[in-house]
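Here is a short briefing on one structure. Keep the sequence and the 3D view open as you read.

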Amino acid sequence: MTTTGSGSTYDPPADPDRGAAPAAASARAAAHGHGPPRTDRRVVLVTGASSGIGAATARRFAAGGWQLLLSGRDRRRLEETASGTSAVLLPADLAAPDGARLLAEAALRATGRIDVLVAGAGIGWAGPFLTMPHTDIDRVLFLDLNATLHLVREVLPAMVAAGRGRVVLVGSVAGAVGVREEAVYSAAKAGLAAFAEALRQELRGTGVGVSLVVPGPVETGFFARRGRPYHRTRPRPTSPGRVASAVWDAVSRARDDTYVPTWLTLPGRVRALSPHLYRRLLDRFG
Ligand SMILES: NC(=O)c1ccc[n+]([C@@H]2O[C@H](COP(=O)([O-])OP(=O)(O)OC[C@H]3O[C@@H](n4cnc5c(N)ncnc54)[C@H](OP(=O)(O)O)[C@@H]3O)[C@@H](O)[C@H]2O)c1
């Protein structure tokens with residue numbers, strides 16, 4: 001495992017060894033014979049790799065023999081994800097000004113190329129929109145939408161120059177249908193979905209693809225972090241490993257859109273075909 005800095009402004013205190021300066025950690029890794037990772041393997045940059053879906057996705061790509069570049073804010077949890085791999089850790093706060101640019105630069109410095117970006121970092125907020133503080137509106141939109149777009153903007157030129165690559169965006173079923181009391185989160189994820197569609201068209205012929213993975217509820221720390229547990233009986237939460245398999249499948253088979261589970265395409269289709277029927281079903285089943 002190698003650790004390198006990327007301008008993180010958030011680096012939780014840890015034990016003295018773990019909390020050492022990134023450059024020092026890099027130097028120590030090299031001194032122990034862990035030089036720069038081999039770059040003949042395919043390289044995936046995963047954001048949100050310190051938890052949940054991103055961590056499971058990182059493990060799936062490691063099992064497939066890929067070189068991992070792992071990002072998140074919490075270095076200790078990034079180390080847990082990276083355990084047993086030659087992953088390069090790139091702790092970064094994507095909500096910081098220039099966070100996306102600094103992360104992309106550090107990633108390209110570390111391995112010289114990125115074959116796949118899995119943009120998994122994200123946060124939620126739940127509650128009536130009328131009570132949502134303005135700062136939280138900005139926080140959710142910035143991390144879930146703006147920072148992701150900026151990161152894609154930073155890594156795409158190298159992919160296009162190489163004539164290959166794939167961007168995987170982690171959306172949400174909330175972005176497909178709009179979920180009440182998750183209005184801003186739904187808007188951010190809907191923005192990602194529209195961005196994926198538009199970018200895919202722009203990139204046609206370049207060898208670079210765009211996948212949108214659209215999970216329903218997933219058993220991760222997401223709900224605890226947003227401060228409100230998942231309380232519905234349907235859809236039942238799925239495992240982060242299942243979403244990771246869908247991401248892997250999207251990359252292996254160059255899939256455009258993948259819903260997890262697949263039946264979750266239905267609500268969006270019903271809504272598109274008959275908004276009136278969709279709302280009546282919502283009134284009845286919630
Ligand atoms: N769980 C669900 O039900 C669900 C459903 C649909 C879509 N999704 C989407 O799936 C993605 C992953 O969510 P998850 O369920 O795996 O949640 P999670 O377990 O809470 O993981 C969120 C990840 O985002 C990272 N992150 C948060 N703020 C960040 C920041 N300012 N800078 C950089 N990284 C930051 C976290 O890093 P640190 O912990 O190190 O800060 C963590 O690695 C999100 O985009 C989420 O919207 C989740």
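How many aromatic pairs does the count come to? The count comes to 6 aromatic pairs. Rings of Phe, Tyr and Trp (its six-membered ring) pair if their centres lie within 6.5 Å; planes under 30 degrees apart count as stacked, over 60 as edge-to-face and the rest as tilted.

This is a predicted model: local features need pLDDT of at least 70, side-chain atom pairs count only at pLDDT 80 or more, and totals for chains, interfaces and linings use all residues. Residues are numbered from 1 along each chain as its sequence is written, and side-chain values use heavy atoms, leaving out hydrogens and water.

**Aromatic rings**
- Phe-61 and Trp-66 pair edge-to-face, 5.0 Å centre to centre, with 85° between the planes.
- Both Phe-61 and Trp-66 are buried (under 20% relative accessible area, 1.4 Å probe, protein chains only).
- Trp-66 also pairs edge-to-face with Trp-248, at 6.4 Å and 70°.
- Trp-66 lies in the loop between α2 and β3 (67-71) and Trp-248 in helix α9 (residues 240-252), so this pair ties together parts 182 residues apart in sequence.
- Tyr-185, Phe-222, Phe-223 and Tyr-230 form one aromatic cluster.

**Around the ligand**
- The ligand has 33 residues around it (a heavy atom within 4 Å).
- Ser-51, Arg-73, Tyr-185, Thr-220 and Arg-225 come nearest.
- An N or O atom in the side chain of Arg-225 is 2.5 Å from a ligand oxygen atom.
- A polar backbone atom of Asp-74 lies 2.7 Å from an oxygen atom of the ligand.

Methods:
Polar contact = N/O pair within 3.5 Å; in protein donor to acceptor, adjacent residues only side chain to side chain. Buried < 20%, exposed > 50% of the residue type's maximum accessible area, 1.4 Å probe, protein only. Helix = DSSP H or I, 4+ residues; strand = E, 2+ residues; numbered from the N terminus.
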